[in-house]
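Q: I would like to learn how to read individual features from a set of coordinates. Could we go through them one at a time, with the general idea before the case?

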Amino acid sequence: MDIAELIAKYDAPVPRYTSYPTAPHFSGDVGVATYGAWLRTLPDAAVSLYLHVPFCAQLCWFCGCHTTATRSIAALDAYADLLLQEIDLVAAAIGRRIAVSHVHWGGGTPTALPPARLIEIMQRLRARFAVRPDAEIAVEIDPRTADAAALDALEAMGCTRASLGVQDFNEKVQAAVNRRQSFETTRACARGLRARGIAALNLDLIYGLPFQTEASVIATAMQAMDIDPDRIAVFGYAHVPWMKRHQTLLPAEHLPDAAQRWRQRQAIEQVITARGWHAIGLDHYARPGDGLATAAAGKTMRRNFQGYTTDAAPALLGLGASSIGALPQGYVQNAAAVPDYRALVRAGTLPTRRGIALTDEDRLRRDVIEQIMCHGRVDLDATAARHGADPAPLHRAAPALEGLAQDGLVAWDGRVVSVPEAARPFLRTVAATFDLYLRPQAARHASAV
């Protein structure tokens, strides 16, 4: 079967599997009381923290994140106050000063907050949690708005890694998606970060945007490599205007089709791997010697709501509107809308609105899916044995796996599922064969390719 036939057959909506079960299956059955109980029983091990800042100076029309555009200092200050209050609420619920190994700031644009407030929030985290001296402090940055004061704040916060949004350097594409950002601006931001001792840099690229071509994405990838980052994430644009109404502003008639998207992805990968970089999981790339490349080679890489990571903490605590946490007992999500989040925090309650408690089968299938997404291989019987479970339910995926094997997307011997290197773009499709919750709905998930 050639690639066009594979795309036609398998390019269906499937989750990105940054969790299992995935967020559409969370419910109000898990709320404030449940989350509070889970926090009180956290294991004595370092946890990770995620802070969500749902604001940007300007909205990019391709964006699928929980964010809104604002330049109101009053609104940003008010949100910073809410984060400080939530930090106190979570710390109080835990009841002790627990260790922290990773802090990740995402959005939106975290550096949209005033520099002094960024520093204040980080200081509050260090006061309420035992943030380890060697903790990774990672912040997502929009190079267009990260001025000297913002970069100075990142240095003062102890930032160790920065993720720079690039998406595409082609001016026609930038105009179509409402994000004008020159190569010079991006390179200057990277240099400013390095001058302040923040040496670990990630770049984010997107394919599948209006007016993109193989030639244009190759040019962008080459410029991205010239910035000399440590990691690059290459995401396929998810066109879901029924969920994100601002995407209707994109010229949809100029979106590439599935075959064109495939070629764009392959073209970007060829540029990156030609420099000797490692392809990591579904959509990440890392230079040789980088921690993520080492974790991937050693089969210790993990996948969470921030994507592929070296973070092995047993719990991820989410702070901020819409943020998701992952604890041993299950997942929780804060109120997504800022007004709802604000009302709960100001009332002195944890702003948890929904979540899901994990069953033993959920944990088993999550392990299987994570191994596929991270390493492209899973031994079903061995994995079930580690969980003290019967592998028979996993083997019910055999008919689907046999079909995938006939099409060259997996090797399947009745026990071990292995995804060939050429089939990596279909990792989500393979993982979906073990998803008991999945009901194909275009309104919930982006296409596989």
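Q: In which loop does Ala389 lie?
A: This is a predicted model, in which local features need pLDDT of at least 70 and side-chain atom pairs count only at pLDDT 80 or more, whereas totals for chains, interfaces and linings use all residues. Residues are numbered from 1 along each chain as its sequence is written, and side-chain values use heavy atoms, with hydrogens and water left out. Helices (H or I, at least four residues) and strands (E, at least two) are DSSP runs numbered from the N terminus. On that basis, Ala389 lies in the loop between helix H13 (380-386) and helix H14 (392-395).

Q: Is Ala389 buried, partly exposed or exposed, and which residues does Ala389 touch?
A: Buried means under 20% relative accessible area, exposed means over 50%, and partly exposed is in between, with a 1.4 Å probe and protein chains only. Ala389 has 32% relative accessibility and therefore counts as partly exposed. Contact means heavy atoms within 4.5 Å; not counting residues up to four places away in sequence, Ala389 touches Leu364 and Ala384.

Q: How should I read a nonpolar core, and which residues have the most contacts inside the largest one?
A: In soluble globular proteins, nonpolar side chains tend to be buried together. A nonpolar core is a set of buried Ala, Val, Leu, Ile, Met, Phe, Trp, Tyr and Cys residues joined through side-chain atoms within 4.5 Å. The largest one here has 80 residues, and those with the most contacts inside it are Leu39, Tyr79, Trp105, Phe129, Leu193 and Leu317. Helix H3 (residues 73-94) provides the largest share of this core, 11 residues. Apart from it lies another core, of 44 residues, with Ile369, Ala384, Leu404 and Val417 among them.

Q: What does Leu317 touch?
A: Not counting residues up to four places away in sequence, the partners of Leu317 include Tyr35, Leu39, Leu42, Val90, Ile94, Phe129 and Leu327.

Q: How do I read the buried side of a helix, and which residues of helix H11 are buried?
A: An α-helix has 3.6 residues a turn, so residues three or four places apart point the same way. In helix H11 (residues 338-346), the buried residues are Val338, Tyr341, Leu344 and Val345. They cover an arc of only 130° around the axis, which puts them on the same side of H11; the arc is that of the directions from the helix axis to the C-beta atoms. These buried residues pack against strand S2 (55-56), H3, strand S15 (330-334) and strand S16 (352-357). After H11 comes Gly348, whose phi is positive, near 80°.

Q: How many salt bridges does the structure hold, and where do Asp77 and Arg117 lie?
A: A salt bridge is a side-chain nitrogen of Lys or Arg within 4 Å of a carboxyl oxygen of Asp or Glu. The structure holds 25 salt bridges. In one of them, the side chains of Asp77 and Arg117 meet at 3.0 Å, N to O. Asp77 lies in helix H3 and Arg117 in helix H4 (residues 115-128), so the pair ties together parts that are 40 residues apart in sequence. Asp77 is partly exposed at 24% relative accessibility, whereas Arg117 is buried, with a relative accessible area of 12%.

Q: Which residue does Arg424 meet in a salt bridge, and what contact does Glu421 make?
A: The side chains of Arg424 and Glu269 meet in a salt bridge of 2.5 Å, N to O. Arg424 lies in the loop between S19 and H16 and Glu269 in helix H9, so this pair ties together parts that are 155 residues apart in sequence. Both Arg424 and Glu269 are buried. A polar contact is a pair of N or O atoms within 3.5 Å; within protein, one must be able to donate a hydrogen and the other to accept it, and residues adjacent in sequence count only if both atoms are side-chain atoms. The side chain of Glu421 makes such a contact, at 2.8 Å, with the side chain of Arg424. Glu421 is found in the loop between strand S19 (416-418) and helix H16 (427-432), and counts as exposed at 54% relative accessibility.
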